[in-house]
Amino acid sequence: MCGIVGGSSKRNVLPILVEGLKRLEYRGYDSAGVAFTANKKITQVKTVGRVADLESQLKKSDESNNGIAHTRWATHGVPNTKNAHPHSSLNEIFVVHNGIIENHEPLRNNLIAEGYKFISDTDTEVITHLINYYKNAGHDFDSAVIRAIKDLKGAYALGIIDVNNPDFVIGAREHSPLVVGEGIDENFIASDVMALSQVTNKFKFLEDGQIAIISNDNIEILGKNGAPKNIATQEIDSTAYTNDLAGYSHFMEKEIFEQPTAVSNSIEGRVLESGPQEGIFGAGFEEALVDISNIQIVACGTSYHAGRIFEYWSHKFLGINCRVDYGSEYQYQEPIKTQKTLLVTISQSGETADTLASLRFAKKTDNPITLTICNVANSSMCRESDYTMLTNAGPEIGVASTKAFVTQLSCLSLLLLTLMKINNKPENSIKKISKALMDLPKNIQQTLEDLEPYKKVAKLIFNKNSALFLGRGMYFPIAREGALKLKEISYIHAEAYPAGELKHGPLALIDKNMPVLAVVPDNEHLDKILSNIQEVAARKGRVFSIGPISKTEITKEGGHINIPKTLDLLNPIISIVPMQLISYYTAIYKGTDVDKPRNLAKSVTVE
Ligand code: AGP
């Protein structure tokens, strides 16, 4: 979950590396560093904190044609300069690393026995010494890298430079993403295309086990054993990868307001009033899914919550058994052979290590039909799944997922409609849902018109220590997503409960200092959840409710936020927007770093 960038150019590469790091800060921001070749030596600059701090530490006179850079999300070793990347071996080999080396301890012990001294607490330092070790044993720079990575167990994307080969940068990947950017008189490596979209729109996507040797006029890709590999260059629309605030104060705010357009982009051309279009999940999807008897969803965090809503849809509208697991759990369960299963991975980034490992685990153990619902074309999940539906949300920079969630749910609605069609469900139901889905951008837009109610709730809760979120049925995952949003950006402890479960324990927590946010549906659960709200109010709990009902005041002290009413199955998608905004304003009133909350990173590429 660190970001790496490296490049070799005929011009000064340092501003390009720093800009690349700024675009990668979503992957981690505990510390940052750069190493570059100049005057027959390698200079490194490292700092705790943000890329902007690193930039201010670089001297105006610093110039280089070759370098590597890193922004860190700490795994091994606290965030300090000693642990910041790049790491060097005897000031000769410098390495930046994203991932975790699982066998770093035995490797470290062997290298210590060989006389190498370790100065950091990181797992990465073993890689630098290992390459140095193989160079000293007689290997060239590139063959020393190939030999060294054979000893590594775990996940890595690497950028490596060598003082004796000042015109080259070597990249390598195994279970962590790495792209090669092709420029004119310059070439690059980076964790994602966004890091390089200011310099090129031509990319090669490395596969696991491959290494890239780049100089300003050449790119050589090699396989695990050093055999040359041909990878096609793909042109990627770089205008889709801007990371500009467009007048908003934070990316999270911008991304919340982009939701109507994002949902439009994710359904446009895929659904008409008559129903979903053929082939929107890829050619042959409909034929492949005839007779599926199980749906298994695997995802993490916000994407997991989207999956949990689909679980309700699948049971109610398809009668197909659907199970949803966290990526970190699914991959370690006993493999069970199922009959014709559709495995759906949901991921904004397409690189989340736990979800990706689960996809690989399922392919090995149960051989299901695999579909990924993902926001990043060419990500590992897209490349490794049989079928893909891109969410088309556009880049999501804020660590707290917002537009990724609503677009995942839009795509899952398309999956529901496609499966309804395959399973001969009534045409009028398909048409009704399709039409409502097409109106969703408009419904979401309405929730963004008056921000005062959200600010009012935020003002009442920002100084509290905890909050409880309640929901029932398919609104329970919405309550969970609301709680996740509040806790991750405002650091207020927030827990979600199925409303009916309150009296089985959590009611003991209720007093005037415990705000309760309840999602109220306009369905068969309404009366029950209103009773649950009364149970809270009777104990002086302050209840804020959100839902498509016109009750203006549910409790005197709290209040009700009315949202547009659509079909019950789509209303959860609308009801998350007020929760996102309440969390956003709560964080603003608390003064936390909204886009880069402490301890978190946008893309979690370690297990
Ligand atoms: C939520 O706001 C977080 N960003 C996090 O829970 C995220 O949804 C999770 O890490 C999964 O990421 P993915 O969608 O990229 O796989």
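1. In this predicted model, valine 179 has phenylalanine 205 of β11 as its bridge partner. Strand β9 (residues 179-182) and strand β11 (residues 202-205) run antiparallel and are joined by three bridges. Helices (H or I, at least four residues) and strands (E, at least two) are DSSP runs, numbered from the N terminus, and two strands pair if DSSP finds at least two bridges between them.

2. β11 also pairs with strand β14 (residues 234-235), in the antiparallel sense and over two bridges. Here phenylalanine 203 is placed opposite glutamine 234 of β14. Strands of a sheet pair through backbone hydrogen bonds, either parallel or antiparallel.

3. On conventions, residues are numbered from 1 along each chain as its sequence is written. Local features need pLDDT of at least 70, side-chain atom pairs count only at pLDDT 80 or more, and totals for chains, interfaces and linings use all residues, while side-chain values use heavy atoms, with hydrogens and water left out.

4. An open sheet of five strands shows parallel pairing in the order β18-β17-β19-β20-β21. Because β18 (321-326) and β21 (387-390) each have a single partner strand, they stand at the edges, and one side of each lacks a neighbour in the sheet. From one strand to the next the twist averages 20°; axes are lines fitted to C-alpha atoms, for helices over the stretch in contact, and angles run from 0 to 180 degrees between N-to-C directions.

5. Within this sheet, strand β19 (residues 341-347) and strand β20 (residues 369-374) run parallel, joined by six bridges. Leucine 343 has threonine 370 in β20 as its bridge partner. Helix α9 (residues 301-318) packs on the sheet and touches β17 (294-299), β18 and β19, where contact means heavy atoms within 4.5 Å. The direction of α9 makes about 170° with that of β18.

6. Which positions carry the UniProt feature "active site"? The unreviewed entry places it at Cys2 and Lys602; UniProt positions are given in the numbering used here, feature names are shortened, and annotations may be inferred rather than shown by experiment.

7. Cysteine 2 lies in the segment before β1 (3-9). Its relative accessibility is 6%, so cysteine 2 counts as buried (buried is under 20% relative accessible area, exposed over 50%, partly exposed in between; 1.4 Å probe, protein chains only). Leaving aside neighbours within four places in sequence, its contacts include Arg27, His70, Trp73, His97 and Ser191.

8. Lysine 602 lies in the segment after α18 (571-590) and is buried, with a relative accessible area of 12%. Beyond neighbours within four places in sequence, lysine 602 is in contact with residues including Tyr26, Arg27, Gln348 and Glu396.

9. How many disulfides does the rule give? The count comes to zero, a disulfide being a pair of cysteine sulfur atoms within 2.5 Å. For cysteine 300, the nearest cysteine sulfur is that of cysteine 374, 13 Å away; cysteine 300 counts as partly exposed at 22% relative accessibility. For cysteine 322, the nearest cysteine sulfur is that of cysteine 300, 16 Å away, and cysteine 322 is buried, with a relative accessible area of 3%.
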